[in-house]
Amino acid sequence: MSATTQPSGEEEPSKEQRLKSFLAEKAADGEMYFKSKFIADEVGLSPKEIGALMVKLKDSATEINVEKWSYTSATTWRIEPA
């Protein structure tokens with residue numbers, strides 16, 4: 001078995017699921033503002049990947065509300081529990 005193979009029944013969460021869980025946890029106590037480049041290491045994704053996933057989550061996430069807040073050198077996102 002290779003190092004990247006998961007044991008049966010323990011599927012690794014998708015990038016979108018990982019990001020959504022991270023954001024839901026961070027926003028559990030109220031709203032949160034962030035730029036992708038500042039959370040990239042914590043989530044294990046590149047800022048570009050996070051930006052692309054945020055657009056998807058804006059339309060599909062039910063656990064959190066996603067709002068594109070402002071753009072100054074990079075997009076700032078606002079997250080709050082749904």
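How many salt bridges does the count come to by the rule used here? The count comes to 6 salt bridges, where a salt bridge is a side-chain nitrogen of Lys or Arg within 4 Å of a carboxyl oxygen of Asp or Glu. The model is a predicted one, in which local features need pLDDT of at least 70 and side-chain atom pairs count only at pLDDT 80 or more, while totals for chains, interfaces and linings use all residues. Residues are numbered from 1 along each chain as its sequence is written, and side-chain values use heavy atoms, with hydrogens and water left out.

Three of these pairs are set out below, among them Lys15 with Glu49.

| Pair | N to O distance |
|---|---|
| Lys15 and Glu49 | 2.5 Å |
| Glu63 and Lys20 | 3.9 Å |
| Glu80 and Arg78 | 3.0 Å |

Lys15 forms its salt bridge with Glu49. Because Lys15 lies in helix 1 (residues 15–26) and Glu49 in helix 3 (residues 47–60), this pair ties together parts that are 34 residues apart in sequence; helices (H or I, at least four residues) and strands (E, at least two) are DSSP runs, numbered from the N terminus.

Glu63 meets Lys20 in a salt bridge. Glu63 lies in the loop between helix 3 and strand 2 (64–71) and Lys20 in helix 1, so that pair joins parts 43 residues apart in sequence.

As for accessibility, buried means under 20% relative accessible area, exposed over 50%, and partly exposed in between (1.4 Å probe, protein chains only). Lys15 at 41%, Glu49 at 28% and Glu63 at 42% count as partly exposed.
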